[in-house]
Amino acid sequence: MSSSAEPEHRTPAVDGVVPSTAVEPSWLPGPSGGAVRPGAPEPPGARFHTAPDGTAGTSFALWAGGAEAVELCLFDEDGRETRHPLPEFTDGTWHGFVPGVLPGSRYGYRVHGRWDPWTGARWNPAKLLLDPCARAVDGEFLPPPAGSDPSTGGSPPPDGDGRLPPAVHGHVRDWPELHAADTVRDDRDSAPYVPKGVVVAGGPAGGARPGANRPGTPWSDTVLYELHVRGFTRRHPGVPERLRGTFAGLAHPAAIEHLTGLGITAVELLPVHQFAHEEHLLRRGLRNYWGYNSIGWFAPHAGYSASGTRGEQVDEFRRMVHALHEAGIEVILDVVYNHTAEGNHLGPTFSLRGIDNRAHYRLGPDPRHHADVTGCGNTVHAARPPALRLITDSLRYWVTEMGVDGFRFDLATALTRAAHDGPAQPAHPAGPGDPADPASPFLAAVAQDPVLRGVKLIAEPWDLGPGGYRAGAFPPPWSEWNDRFRDTVRDYWRGALPSLHDLGYRLSGSSDRYAAGGRRPWASVNFVTAHDGFTLRDLVSYERKHNEANGEENRDGSDDNRSWNCGAEGETDDPAVTALRRRQLRNLMSTLLLSAGVPMLTAGDEMGRTQGGNNNAYCQDNETGWVDWSLTADPGRRALHALTARLTALRRRHPVLRAGTYFTGGPRRPGGLRDLAWFTPDGRETAEEDWHAPSATLGMYLSGRDIPGRDGRGRPVTDDSFLAVFHAHHEPLPFTLPGPPWAQGYEHLLDTAREEQAEPPGGTLPAGTELVLPARSVQLLRVLPGAGTGDPGTAR
């Protein structure tokens, strides 16, 4: 056998088309006996409908602009395949109408073209490809062993080593010369090992219009709750067993009741697009739990369906959205368009690689290899029309056909990079060609789209490439995950005190990051924890990650956790340590919910969920990653839940706590009070020299007088005024409550040092009182209306 990259067994090409050797093509009519008709190039995907002559069937359309031929492959109930060439090619789209193909039918594509990896061309018709526009997907990218639980997708494949079947690769994975393996075409048929697309009937079951009951919550009123569809209900005792871990489980009244009781206005769902499991996880007997490995951007993940995988998952998802909307809760999807499950040049051929590798992915200076700014092997080329259209079509579909209210974009910077294939240049002030350039094709497409510009858009404003950190650089109306808020608040409460300058900006909405360009405080999505990293309880229980269960010798996950274990690593029975940890949880939650911007909670944090110190539980589809509902019965955890619900209710009642415009630090009218003021422990306003030094104590005064804007009836908005005092020192400290003109007296609403939080501490305090701040605590006081304060108060 030759040692060159050209294999001796390569199948000869005929007129440039290399046929599959596994199954003979069938140029047969459709199942109804009628010939395949031309159909139409729009819309892409599979659309069941009735032709003008009354014939029922399905139109298929696939963009594959560089291909030489496309075969539609239909599969019967026994898995037998029938192939039909799509007869028409219009502006890069192959299309045809097949009579008799009904909803529930399974299909895929075989795409013919050149095999020339040196130029990035990787067409291989032996590989059955998933339609990137498939509305539903049936099956896994591995056949589960006989007798396995279909709700979990089975365990490792029958060969026992956890490797993907070699046939799912476009190249010969096990070629002896590994450096050339990706250049040798593999002619084995992949159809037995890959899932199929499913034809789905148009429109929701029952005729309900998706999104008809949207809550339409303004950004300023939003409280986000990041959750995992499977993990949130997998152990919920109030959800029937057969529904746990599914879309239907999240729609169950027991699940929704928890959300409404907390005051949540929007759930942010970890990826629900169809995704695949990485081979390195399967080889260790693990699975991709979080789902950041998408392969079907139009299909709800079949593993989260309780009702079936032949299109039933679509209606189940819609019913979930409808139920959440009925409860006043919006649905935001965490979407992964920056890369796909196909990995790098050595990865499998599932879909886009075999349709047109060069049109969908960024390639490196050597087109044989992919450019990777995502850390996942490939980067979708969102600056090119085929990929950009696929992304924006997907986004519109989820809004108009599935009813969702917005999106959080994973590694959003990767989508905004310039049109050239290489990574962006190192970071420098924003300007044309920068990763977050508002004129980038992706941002421009979203900005002008009449559907997408009206939904909630959240960026994770970074990727892993040069210049990829673009926090604060996204244009209106985008919001962004504010990692600076996370880091500053963590540092403050663990005792690594930031400057008051930094802390003040985070508490008041991070105008230093987001005020430019007319953005508002809701541009900052504030969070202390997210799916990625420690849970809130682990943040105060561990100083080191404990990821041994991930099988990577604890090398994975971040080492920069900014955590403090309060004196003992991990779980402990020491009453002093456990009491301090509970107080720290209340401090962190209170800081999050009293800060300007949009707060985001992580599911289970409000009841003290732990992952045992694992800060990268992406592969822990088990008790480690699931919410532990038994914590609701733990008396030591109830105070945090009660506090969370009380603070979200307080935000809802008081517009000054959810400001829609940035504070100015000056009066809103002549002779009025400043809308935001800061105080030191001795009751005086902070001076310039105070701001550039660390301090453990800071008072924040929020004036409810003359709030900008008007209510729905055109009346000026006024509110109570509040004083929040943050004290991170390990010893008590007297704090003098500011007197006139700020206040005559105060009502005590919050003291995080108290173990019980269902009710406020109560009581009134005259201005000038020395309030003794307990060690490591947050206090919230309402200014009592009265003469000299200029504060009329509001009805509560």
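Predicted model: local features only at pLDDT ≥ 70, side-chain atom pairs only at ≥ 80, totals over all residues.
Residues are numbered from 1 along each chain as its sequence is written, and side-chain values use heavy atoms, with hydrogens and water left out.

Student: How many helices and strands does the secondary structure of the protein chain come to?
Tutor: Helices (H or I, at least four residues) and strands (E, at least two) are taken as DSSP runs and numbered from the N terminus. On that basis the protein chain comes to 14 helices and 31 strands.

Student: What percentage of the residues in the protein chain is buried?
Tutor: Buried means under 20% relative accessible area, exposed over 50%, and partly exposed in between, with a 1.4 Å probe and protein chains only. Of the 796 residues in the protein chain, the buried share is 59%.

Student: Which residue in S17 stands opposite Asp334?
Tutor: Strand S16 (residues 330-335) runs parallel to strand S17 (residues 406-409), and four bridges join the two. Opposite Asp334, the residue in S17 is Arg408.

Student: At what angle do helix H6 and helix H7 pack?
Tutor: Contact means heavy atoms within 4.5 Å, and in that sense Leu352, Ala359 and His360 in H6 meet Pro386, Ala387 and Leu390 in H7. With Ala, Val, Leu, Ile, Met, Phe, Trp, Tyr, Cys and Pro counted as nonpolar, Asp, Glu, Lys and Arg as charged, and the others, Gly among them, as polar, this contact has five nonpolar, one polar and no charged residues. Axes are lines fitted to C-alpha atoms, for helices over the stretch in contact, and angles run from 0 to 180 degrees between N-to-C directions. The axes of H6 (residues 352-360) and H7 (residues 385-400) are 8 Å apart, and the angle is about 115 degrees.

Student: Why is helix H10 described as largely enclosed by the rest of the structure?
Tutor: The buried residues of H10 (residues 500-507) are Leu500, Asp502, Leu503, Gly504, Arg506 and Leu507. They pack against several elements, including helix H9 (483-494), helix H13 (575-594) and strand S26 (722-727). H10 is largely enclosed because its buried residues number six of the eight.

Student: Which strands stand at the edges of the open sheet?
Tutor: The six strands of this sheet follow the order S22-S23-S26-S31-S28-S29, with antiparallel pairing. Neighbouring strands are turned by 25 degrees against each other on average, direction ignored. Each edge strand has a single partner strand, so one side of it is left without a neighbour in the sheet, and the two edge strands are S22 and S29.

Student: Which strands does H13 lie across?
Tutor: For comparison, H9 lies across S23, S26 and strand S31 (777-783), running at about 60 degrees to S26. H13 runs at about 40 degrees to S31, and the strands that H13 lies across are S23, S26, S28 and S31.

Student: Is Ser510, with its positive phi, buried or exposed?
Tutor: Ser510 lies in the loop between H10 and H11, and its phi is near 60 degrees, a positive value in a residue other than glycine. Its relative accessibility is 0%, so Ser510 counts as buried.

Student: What is the relative accessibility of Leu411?
Tutor: Leu411 lies in the loop between S17 and helix H8 (441-448), and has a positive phi of about 45 degrees although it is not a glycine. Leu411 counts as buried, with a relative accessibility of 9%.

Student: Which residue is joined to Pro477 by a cis peptide bond?
Tutor: Pro477 lies in the loop between strand S18 (456-459) and strand S19 (479-482). Omega of the cis bond is about 5 degrees, and the residue joined to Pro477 is Pro476.

How values were computed:
Pairing = 2+ DSSP bridges.
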